[in-house]
Amino acid sequence: MAELKNLVADGDKLKEAFDLSNFDINAVLRGAQLTLVGAHRALQNPAIFTNAHYRQAAIAVGAGIAIRLAVSVPILGIKLFLGISSYIFELDKASWDDTLVNGLDLIANHVLQVPLFLMTLMRYVTPTLDDMFMDSLRWVDTTYVSKHKHEDPDGLRDMYYPNLRQYKQVDGSTRSKSSAEAVTMFLWRFLRKASISLAVFGLSYLPYIGKLVLPAASFYTFNRAVGLGPAAVIFGTGIFLPKRYLVIFLQTYFASRSLMRELLEPYFARIHMNREQKKNWFRSREGLLFGFGISFYILLRVPLLGVLIYGIAEASTAYLITKITDPPPPPNVSAQQQESFIVGQQVWRNKHEFLDLSIFNLDAVSSKQSNKEDREKEL
């Protein structure tokens, strides 16, 4: 009997390891669709681009040009040196110079992620992006009421903005109100990720085992994020992919996840979850967040316009929140009610209903009745 229980337990663990329910293709595609729908909804807000945002965007564009030159000048210098050297030494028969130049270009464009670093740093310097998120959330509530003005008000969902704006705002990672501490932690996270990326990229050039480094890194990353099955497939595919494409794939995945976490910072700065609760929250919505994040990340790579697109991405995230979370309770409710809300958000309750909706009818499940039915299912 004990052996049968162990066999069932092992089967459940294996099923869980290969579970793709949180990262199915339908969720990823719906996340990409929300990029377009959210951006369209955000751009309808006449106050999305304030004077403060335009001034910040202009500064960021100038800083982006300066950083891009700082990264590009050394690479151009090395290319010029190799070009001059080719007249002195016979480099036509050698391949190391081409490998060096291609490697430097790859590091600048896909490993260091300098543009994304600049745009995310803006959040800790000025509250413009946080203000944009909250203004957009208010606009989403307003347009929702306007679209359903002929329906029974008692059947509409609760509003997000009125309660969320009353919550005390702290950094979502450090739980601190100190801007200096938040900037320090952000710089530390960026340096740690950049160091790991450079180390993995460097190890990939080792003889014999180098070709396994990037596939192994992808397996480790995806096994933690989406499970053993997809990680095994990516590992097997990565062995045969050229190094350049595997680096681009991995860094795009990492960057889109980092982008998504930064875009959600205004929400988690007010809805306070511990590390494990936050992990469960992201895991439950992994596929949709990946589709949303990677779509905006691709748009962010548009030269110079990236900082403007980042603002639209932040505004669109306000629309996203209303589709994958419940309206928050007032901050003055009891601690037990607050904890009950936090625990209830660990699972995306209306996931299947939302994913089955037409892209033209995404507000259909945003009602008090659907939320009530979800809570009754939990009980």
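Figure 1. Tryptophan 281 is buried, with a relative accessible area of 0% (buried means under 20% relative accessible area, exposed over 50%, partly exposed in between, with a 1.4 Å probe and protein chains only). The model is predicted: local features need pLDDT of at least 70, side-chain atom pairs count only at pLDDT 80 or more, and totals for chains, interfaces and linings use all residues. Residues are numbered from 1 along each chain as its sequence is written, and side-chain values use heavy atoms, with hydrogens and water left out. Phenylalanine 282 is also buried, at a relative accessible area of 5%. The ring centres of tryptophan 281 and phenylalanine 282 lie 5.2 Å apart, with planes at 75°, so this pair is edge-to-face. Rings of Phe, Tyr and Trp (its six-membered ring) pair if their centres lie within 6.5 Å; planes under 30 degrees apart count as stacked, over 60 as edge-to-face and the rest as tilted.

**Figure 2. The aromatic cluster.** Tyr267, Phe268, Trp281 and Phe282 form one aromatic cluster. The whole structure holds nine aromatic pairs. In one of them, phenylalanine 268 and phenylalanine 282 have ring centres 5.6 Å apart and planes at 25°, so they are stacked. This pair links distant parts of the chain, 14 residues apart: phenylalanine 268 sits in helix 12 (residues 265–268), phenylalanine 282 in helix 13 (residues 275–284). Helices (H or I, at least four residues) and strands (E, at least two) are DSSP runs, numbered from the N terminus. Phenylalanine 268 and phenylalanine 282 are both buried.

**Figure 3. Helix 2 against helix 14.** The axes of helix 2 (residues 25–43) and helix 14 (residues 286–300) come within 6 Å and cross at roughly 50°. That makes helix 2 oblique to helix 14 (angles under 35 degrees count as roughly parallel, over 145 as roughly antiparallel, 65 to 115 as roughly perpendicular and the rest as oblique). Axes are lines fitted to C-alpha atoms, for helices over the stretch in contact; angles run from 0 to 180 degrees between N-to-C directions. Helix 2 contributes Ala27, Val28, Arg30, Gly31, Ala32, Leu34, Thr35 and Ala39; helix 14 contributes Gly287, Leu288, Phe290, Gly291, Phe292, Ser295, Phe296 and Leu299. By class, this contact of helix 2 with helix 14 has ten nonpolar, five polar and one charged residues. Ala, Val, Leu, Ile, Met, Phe, Trp, Tyr, Cys and Pro count as nonpolar, Asp, Glu, Lys and Arg as charged, and the others, Gly among them, as polar.

**Figure 4. Serine 295 in helix 14.** Serine 295 lies in helix 14. Its relative accessible area is 17%, so serine 295 is buried. Leaving aside residues up to four places away in sequence, serine 295 touches Ala32 and Thr35 (contact means heavy atoms within 4.5 Å).

**Figure 5. Helix 11 across helix 14.** Helix 11 and helix 14 pack at about 100°, their axes 8 Å apart. The two helices are therefore roughly perpendicular. Residues in this contact include Thr252, Tyr253 and Met260 of helix 11, and Glu286, Gly293 and Tyr297 of helix 14. The contact of helix 11 with helix 14 divides into twelve nonpolar, three polar and two charged residues. Tyrosine 253 belongs to helix 11 (residues 243–263). Tyrosine 253 is buried, with a relative accessible area of 1%.
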